[in-house]
Structure formats: structure tokens, C-alpha cells
Amino acid sequence: MSVSEVKAGPLPHVTTPSGERYEGAIDLSRVREAHPSLYDHRDEITADGNTAAAIATLQMWRCVIFAGFPITPSTKWIEYVAANLASVPGGRRRVKLMEAEHAVADYMVGAAASCRDLIFPTATSSVGLDHMTETTRSLGASGLGNVMIIDVYRATANFPLCIEGDPSDTLAHRDDGFIQICARGKQQIYDTVLQAPCLGMHPEIMTPTMPGYYGIKDSHRNARLIVEADRDIHEFQDRWIFACPLPGLINGDTAFGSCVTSRHFQGFKVAQKRRLDNVLDFLPLIGSDFEKQFGRPGLRFFDEAGWSEDGAADIAVVGMGPDFGTFESLRERYAKQSGLKVAGIAIRLLTPFPRDAVRERLRRAKTVLVVNQAHHTGRGHLTLDVVDALSDLKAPPRVVSVFAGLGGADVAEVTWERMLDHARESVEGKALPPYAFFHEGVAL
Amino acid sequence: MSSYKEIALRESCFRPGSTLCPGCMESIALQNIGRVTDNGAKTVFTIGTSCAEVSSLAFPNVVAWGRGDATPDDFSRSFSIIHNVFESAPTLAEAVRDVSDVLTDFGALERPVQVVSTSGDGGAVAIGLRGLLHTIHRRARVTLIVLVNEIFANTGFQYSPAAMPFAETSTTPVSKEHPGNPSLPLDYIHLCIAAGAGLVAQVSPAHSKLFLKTIERALECKETAIVFVPAPCISGWKFDDGETVRIALLGAQSGAFPAFWWQKGKGGTVLDCSRDEAERPPIEDFLGAQRRFHHLVQREPGTERFIARPDRADAVAKLKTWVQGNVERLYRLAELK
């Protein structure tokens, strides 16, 4: 660059634990004012899940660079964003196409560290997320809550190859350090993407987010979607996203990613875990504020179905994703036919796992049926978390673990009924194996 | 262009406090780069995993980076640095460049930054070759510095794709049957030109004025500028303290890594290294100065010159052929425009 381009001179600066921050170096009001509005008023459209996620990111004024790998398996998020930006005359927002998913993740580190008050979204899936792994694990510890990786759940790379949706990719990345939120249905996808940065960028959290949804079932199928006016979204987000108290590369005199001695490594990791734990305090507040403004449920630890006021249940189902809707549709009938109290929860916050809330919800159940939809070397990802959550109880419910819907297979009504029958045997006192497989109404 | 004296008197952002080996060429290079970048523009450095990273950013013991003892009031003299993973320094630099440019486009940033990335040759042309070439391919307006010590020095002196033929490294050990590294080095200079770089150079601080001029030009380049810095490694190349600059100069003059300078549209030049082998210092002198090549050469009784060991004459002959090819290659690349 030419030195003549540079405007020299002093700027006021403040001292932070991460170095000096220069106030006024970046004037983001210029970015906010220049935002090209996508919707001037609430509207109702038909969209698939990828489009819902893309619209949400385009509506955020803090999103100015959209990085992605061109083919982003299982998501056309980048294609929708690119088409939209190309249609805006004089637009200054950019699509950044990278040569590989790993490069996308690296790029997000540099971009998010450059300006911590902008949001840097991307979308990926399955092997794409796996390819990012080296850097997602750096990002998870980075304090860069302004990174959002939208994950379209798909079977992670293994033999045999399966290109349909199951959550084995996101569940394999639960130790990356991201806040992982599962959405089901187009509306929840849209709403979750809008709320996720409010959580990740909160000064008490500063942790990147990974909202996600099931591939094919939610990513590619269309449904009704209510979109909000951009200005209302900005009003909501600006209530929760504050100027980052720590410096970025551009407005700071600072260092990121330094080597530390082992003594400092301990402290760093403790702080990382505490910030992640703070999600449990702030997520309900953000969700509640979202519901107040937009009249739809905001972020929650889990969705609930069929719970009585006293919280008692003979069978309590724990699942996630759109197949839980099939359970919801047959729950009442099954309960009536069996004479059992049947309820359930669909987990939304995968990481950090809402241990206390899950325990309190399930504490009066006789049997908990946990439905795992991803391969796991043990009893199932969700099962282990649920068992851990219940371990504080003096007389915890029995936990029945099943696998169903692997590789993105639909969990059909007959499969749900067969799994509930299986759990019913536990209610009746029969000892069951540690786990069982179900598909098309048959125990495998 | 700034004068040599003017740059020499500037304050470097690479300061005392690193744990790099005494006599490390990386330290000399970074001190000089730090002075050139003290030019009135804010600098953001992205740094790949390398000796230069682990030996200079180990908080709280040694943090060698920064400009001045206190935070400067002048924003343009402030300084930021980021390390991510081994291979990502060019990609990170590109991201910083883009954010700076977008904010400038919006009128949100009045003081755009200059962006410099540094990597070792292991990070840049082994594990990071993909990222390096694609950043160049996208014409990112950043300066990439690759400190080439021809090994993964930081992790124990293992072979890298930049290693000279027959060099002894910890993964290409020498025995009676094995005369060291069996591979030819990757032609990374040609790759960078082909990928679309605006400026490609190979020069070490041993050519002090040329080095400073090259870095200054690189910072002004409107496309990606990449400077490969031959960096004799006192521990990995195994030479005596105080020999770093002499070996760097000898390596350049003898044809192992000639000083080279190329700009898109203008072509380039090979400096201080004749195309004619007879006019160059013997490569044996370069080899003899380092124990990584002592299996190839020995002192000639009586003259004290380095000559090929009788049982390694074939290897030395092959190495000389490679050196001549290396010089010829750079002269031909210099003709490209």
C-alpha cells in the first residue's frame, strides 16, 4: 500500500486484558446505514431450510463478507447469498469463494479477528465440517463469537458413503468448542440463525456458534416461512450485540493465538469452559426477548411435547430434529391406546448440554427413551448426556437407548410405535439390552 | 522509496525477547522487515506455525512483537499479530486484507492496514502449499514472507520439500547406502509466478539493501507479493556461530539459492550469481561450511579447499548438475513477463 493512502495521527485508546483498543478506528454506523434491506415488512414466503438460513444472514447488517466453499455439500446457502448480492446494484458486501472448507475456516479466523463487531457466517456439512476440524478447534477456543458456521447435518464421512442427513457430523464435533443449536423446521432455522450471534457475541460468552439442521429433510424441503423486516431484526440484535470489549486486529494493538506456557494454558481453558457454561444463563433470556418481539418461540434448551403439570410420565422420549415431529403426531394416540403417560423433549441446545434443565424435566419419568440418530461407539451421544444429567437423582428413571434413522432414514410412525413398545417393556420391569436398533418398524 | 539509512533508523516491530537460536537468519530477517513496515501504516502480521512463531510469542515468557515500549497514541503505529494453525498464514492475511478493504469501501475505516504474513517453508510449501497458491491466485493484496531453512526446524529438523538434494535431515539420514535427501526441491518460485503473483523474490538479509528494497516494493504491490527468504539454520544446517550471513551470501552466489527478483509485466533478474559456473564460488565451499553436507565433501590436504569425498563423487556431481539447473531455471524465469 502507499503510505500516502494512510491518515496518520493519534486516536484515543483504552487498555483491555487483551491489549489496547483504539476507539473510533472503525465506524460501523457507516456499515449499518448502508445495509440494503431485503424485507421492509413481515412477509410470508415458501422456502427450504438452506434458503431460510441464507435469508437470515443476508438480513443482518453485521454480515458483510460471506465466505464459503463453492459446492458446500448439502447446502445451497452460498449460491442463494451470491445470487442476492449480485442483484444489488452498487452493493459492497462480498461473497468470498475459497478453495476448500479448511480454507473457509481459516479465513473466518482472520476475518472475525480483524473486526470483532461484524458477523462472519458460512455454511457447511458432513465432510466439509470434518475438513474444517483443525481450525474449528482453534476457533472454539478463540473467543471469536462473531463466527457462525451453519451446519447442515449429514452423515459424516465413513463407509459406506451416505449423502443423506443424520447428525453424526455435528455430534462428532461436540468438543470443538462451538455453541451447537439444533433447529427443526424452516421457521426454527431462520429464527435460530438470527439469534445465534446474540448468544455467541455476548461479552460473557464470546464463543462461536454452530446452528444446524437436518440435511435433506429440512435443508431441501420447502415449507411456509415468516420473514421479519430487516429493521426489526436489527433492533433485536442491537439489543444483544454490544461493541466487543476486546480489541480486534484492525482496531487493536494486540495478539491472537499466541503460544502460552502450561500454567497459562490451564487458565485459558478454564475461562473457555466458563464462557461456554454462561450460554445456559443467557440463552433463555435471548429466546424470551425474541418471543416478545416476534411472537414466536425463541431459543430454548429443548422443545416439549405432552407434559402434564406435575411432570410425571411413564415414558419420556428424548430426541432431536424433524423426526421428533412424527413422535408428536402419534404421541396422544399411543398414550391413549397404551394407557401410559407419554411425553417428550427434542433437544435444541446440544453444546453445552443443558444438563440441569434436562434432569428437572425428566426427573419424574419412569422410563426415558433416548433416540439416537447417529452412529456412536457406545450407547449413543444423547444417551450418555441424558444418563449423566440423571445421575444426580437418588432414584433416576431407567434409560432405554435406541438407534433409529441412521443415514437420514425417516423414522416412520411404525418405528416410533415399535420403539415406544420397547420402552414399555422397561416400564413393565423387563431388563433391556444397553441399546437396540430400529428401522421400518422392526428391531434389527 | 525510502533510503537504506532511513529504514535502518526506524523502530522494528520485532524486538529483543525471542528464543530463536543466536545467529538465526529468521531473527535478522524479521528485525529488518519490522523496520520496513514502520512506514506510517498500521501493520497486521499473520504468522504460521514455525520457529518464528513458537520462539517469539510464548506468553508470558517471551513476546518479541510490538512497536515501542508503550502503546503508541498514533493508530498507524499500532501493531497486531495473529497465529492460527500451521499452514494458514496466507489465508488469514487475505481475510484481514478483505475486511480492511470492505470497511474502507463502506467509509467505516479511514486508515487501511498493511498486511504481512510469515511462514516457514514447511508451513508454506509443504502443508500449506494449497492455501499459499490460492491466496496468490485470488490476487490478494498482501505480502507473503516465506522463511526458507529447507527443513521443519521447529520440530526437529525434518525434511521439507524445499530441502536441497543430498542434505542430511533427521528424516533423510545419511548412511553408506543413503547419501541424504533423495528428492529435488519443489520449484516454488515458478509455481508462484504461474499462480499469478505480482512480485516474486528470493533474497536474504545477506543482500541487505536489496532485501529492504524488496520488502518495501512488496508492501506496495497491488497484487500478492511473495518473498522467499533463504534462512540458514544454525542448528539444522549445523554451522558455527557467526557464519549465518556468510553462508547465506555464499549460498546465493554459488547458485544454491540465488538472489532473484521478478515483477509481473516487467520481468526479473538474477543478482550476484553468474550463469557461468566458472564465475561462481564453488558449491563445495557452501557445502563444506555446514555439517549437513559433510558426508559429501572434505578438505583437500594441502590446499584446505573443500572437495568431493571420493566415495560421494557421483552425488556431488549430481548436486552440481542440480545447482547449474537451478541457476539456469531462474535466469529463464527472469525472462518471463
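Author: Two residues count as being in contact if their C-beta atoms, placed from the backbone, lie within 7 Å. Keep in mind that this is a predicted model.

Reader: What makes 52 residues of chain A part of an interface with chain B?

Author: That cut-off does: 52 residues of chain A are in contact with 52 residues of chain B. Among the elements giving two or more residues to chain A's side are β2, β5 and α6 of chain A. The top contributor is α4(A), with eight residues. Sorted by class, this side has 27 nonpolar, 13 polar and 12 charged residues.

Reader: How do you know that β12(A) pairs with β4 of chain B?

Author: Pairing takes at least two bridges. Two bridges join β12(A) to β4 (residues 79-83) of chain B, and the strands run parallel, so they pair. For instance, Ala255(A) has Ile81(B) as its bridge partner.

Reader: Which strands pair with β9(A), and in what sense?

Author: β7(A) pairs with β9(A) in the parallel sense over four bridges, and Tyr153(A) partners Tyr214(A). β8(A) also pairs with β9(A) in the parallel sense, over four bridges, with Gln180(A) partnering Met210(A). From β8(A), the chain crosses through helix α8 (residues 186-200) to β9(A), a right-handed β-α-β crossover.

Methods. Residues are numbered from 1 along each chain as its sequence is written. Chains are lettered from A and ligands numbered from 1 in the order in which they are written. This is a predicted model: local features need pLDDT of at least 70, side-chain atom pairs count only at pLDDT 80 or more; totals for chains, interfaces and linings use all residues. Ala, Val, Leu, Ile, Met, Phe, Trp, Tyr, Cys and Pro count as nonpolar, Asp, Glu, Lys and Arg as charged, and the others, Gly among them, as polar. A crossover is right-handed if, with the strands pointing away from the viewer, the path from the first strand over the helix to the second runs clockwise.
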